[in-house]
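Subject: Structure handover

Hello,

Here is the structure I promised you. Please open it next to this email and follow along.

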Amino acid sequence: MSIPQAITEKIVLRDGREITIETGKLAKQADGSVVVRMGDTMLMATVVANKEANPGVDFLPLTVDYREKFYAGGKIPGNFFRREARPSDQEILTMRLVDRVLRPLFPEDFHAEVQVMISLISYDGQSIPDDLAGLAASAAIAITDIPFNGPMSEVRVVRIDGKLSVNPSYEQLLTADIDIMVGATKDSIVMVEGEMKEISEQEMLEAIKFAHEEIKIQIEAQERLAAKVGKAFPKREYSHEDHDEEIREKVWKECYDKVYEVAKSPSNKEERGEKFKAVLEEFLAQYTDEEELARVTPFVKVYYHDVEKEAMRQMILNENIRLDGRDPKTIRPIWSEVDYLPGAHGSAVFTRGETQSLTAVTLGSSKDANMVDSVITQHDEKFFLHYNFPPFSTGEARPLRGTSRREVGHGNLAQRALANVIPAEVPYTIRIVSDILESNGSSSMATVCAGTLALMDAGIQISQPVSGIAMGLITDPKSGKWTVLSDILGDEDHLGDMDFKVTGSENGITACQMDIKIQGLSMDIMENALMQAKEGRLHILGKILETIDTPRADVKPHAPKMEMLEVSKDFIGAIIGPGGKNIQQLQKDTDTVISIEEIGEIGRVEIAGTNREKINEAIARINDITFVPVVGEVYKGKVVKVMDFGAFVQLKKGTEGLLHISEIEWKRLDTVPYKEGDEVEVKFMGYDDRKKMKLSRKVLLPRPPKPEGKPKAEATEAKTEGDKPAEQA
């Protein structure tokens, strides 16, 4: 059997690097299959879509899966089973990045199950694979007959030394002050997510525009590839929805005005839901025949949802009134407090409207760092944030199935928002946990605000406090009207056209996440949203600072205290001892946790504990072990042994030298005038030929004058051998 001939297309980036897209060689039983390659990094993406929708499904059951094969980088997984297991957080985040761009590009009435699978099959240590995942997924769909309003692509845009570029290496990424993933079609920005080091709104817009120009080039390459394959057009026919126009017209006619009045009357989430439900039930009550009721109910619910959506949108566009009575720019009422949890190292409650986060900070040593083990990198993460969204926060009762993709994504956004204000010199491992206790819009932004409060309560000297806000958008293509909403509700997110989360300090933006549900969003609207977001987040920041305006001067009494020492790596073995005996005993005696890391010629010793005195004791004992006397320095030592020819003086535990009898005083002594346990101040004179320490006390004493009248030669003969070091000194 001959090797199949691959069909390829090439993309050339601005800096000359090349990306190739190949199809026709691998996974040919999938509806679409491509291999995307940049350098020696390769991703394989496949897509399969069922021909028909499953009965009763009225949504798009899209699954996006991204997995990194450890063989791609020549590694074996480090887990117990030595095989790829459940997806890592980074893999889940990549899935979400791709999903959020693909999902809105499928037709609204297309409900067949679609599965996109992306695998990293080769990694060269340079090209970051998640930069290529969106391109691979879109290219796999573009060459099929699956209905899709694409192609799309994603790029990572960074700024290094003031210059924008896309798809950097991992090492370059570490030096960037802007790191944004942008997903777009040829005409529209669909998704933005990233972190920045307090940049301006204009700088962010510039980066997004730069990314979009690169994306257009990648989309054109996909279109050329689809044309070469020749099977992408026409798209397959489907009919996944049944409609009854008579019922649609009846629902709109009888319900719209009632729904509009409910939407116009300010109320909380629960009250509003009950009123909307009452309108629906009133409409259905006219169907007394059970068989007829069963037939019309599915249609009525679909059309009634459309009525709710349109009524809310028109009310905002025409009257500037929102579901809770606010105007478009007003922020919901805020209250917060710190030090709510006495057992935590730092804690805060932040409540905005009907959204509430209880957040706690825990401080640990380097042993508590989050170990990241992936194909791309292995490192310890010393600052991380976990976000939990229990069902009771929305008044629901449902089973817990572990951490959801949404929880991973929201936690990552909040972590990126706060990461750049954590000082590099902080010795602690810091874990933040946000438990969402109530939710009606923007719980991830409540997490950012509560995280700032909890960090300051914990005594972490953050460089700037950070707040966050979620922005929404309502548009009407017919009239051309649009309104940007500050601090959106859950319903405004669900029924609106945009969810744009922005976090930042007084100095600038630190992170963002944007999802667009419509095509053709202009840069003018985006700029307006960013400027309105700035106004809103500064208002929220002011409320935060009313609760606590600066970090506490020190960590709490029950929180661990941390000290760092640097020693020569030659002493690491002595500190640890045979089989770890010394360090284990030291930790037991001082109630501390001691970690040692070898960095070049230096051993970095981290000492953590809750009692300052015991930490100081541990430091003193390590200093004894690592003590190296300096020639010419004066030390107070203890006599540990007395001999006829001198005394052995201990400067530190394990370090002692000989104080010769001739070095005690300027006059000749017949006996050593010390006993064991006496303290004596000596000067370290260096080492003798046998590498033994030489100590002197007499050089610290005033030298007696020479006797008058003695001939010079006689005076010279009178010198003792003990005088020589003194003259040199």
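Start with Ile 141. This residue is buried, with a relative accessible area of 0%. Buried means under 20% relative accessible area, exposed means over 50%, and partly exposed is in between (1.4 Å probe, protein chains only).

Before you go on, note that this is a predicted model: local features need pLDDT of at least 70, side-chain atom pairs count only at pLDDT 80 or more, and totals for chains, interfaces and linings use all residues. Residues are numbered from 1 along each chain as its sequence is written, and side-chain values use heavy atoms, with hydrogens and water left out.

Back to Ile 141. It is found in helix α2. Helices (H or I, at least four residues) and strands (E, at least two) are DSSP runs, numbered from the N terminus. What does Ile 141 touch, not counting residues up to four places away in sequence? The list is Val 47, Leu 102, Phe 106, Val 116, Phe 148 and Lys 235. Contact here means heavy atoms within 4.5 Å. Asn 412 is another matter: Ile 141 and Asn 412 are 271 residues apart in sequence and 28 Å apart in space, C-alpha to C-alpha.

Next, helix α6. It runs over residues 269-284 and has 16 residues. From first C-alpha to last it reaches 23 Å, close to the 22 Å expected at 1.5 Å a residue. That expected span is 1.5 Å times one less than the number of residues. Which residues of α6 are buried? They are Arg 272, Phe 276, Val 279, Leu 280, Phe 283 and Leu 284. These residues cover an arc of only 140° around the axis, so they sit on the same side of α6. The arc is that of the directions from the helix axis to the C-beta atoms. On the other side of α6, Glu 270 and Glu 274 are exposed. The buried residues pack against α5 (245-264), α7 (290-319) and α10. Look at the start of α6 too. There, a side-chain oxygen of Asn 268 reaches to within 3.2 Å of the backbone nitrogen of Glu 270.

Now the annotated site. The UniProt annotation "binding site", from an unreviewed entry, covers Asp 493 and Asp 499. UniProt positions are given in the numbering used here, feature names are shortened, and annotations may be inferred rather than shown by experiment.

Asp 493 lies in helix α10 (residues 490-495). Its relative accessibility is 27%, so Asp 493 counts as partly exposed. Leaving out residues up to four places away in sequence, Asp 493 touches Ile 488, Asp 499 and Lys 517.

Asp 499 is in strand β20 (residues 498-504). Is Asp 499 buried or exposed? At 9% relative accessibility, it counts as buried. Its side chain makes a polar contact with the side chain of Lys 501 (2.6 Å). A polar contact is a pair of N or O atoms within 3.5 Å; within protein, one must be able to donate a hydrogen and the other to accept it, and residues adjacent in sequence count only if both atoms are side-chain atoms.

Last, some backbone details. The peptide bond from Gly 150 to Pro 151 is cis, with omega near 0°. Pro 151 is in the loop between α2 (130-142) and β7 (153-160). Phi of Ser 442 is near 65°, a positive value in a residue other than glycine. Ser 442 is in the loop between β17 (429-438) and α9 (443-457).

Best wishes
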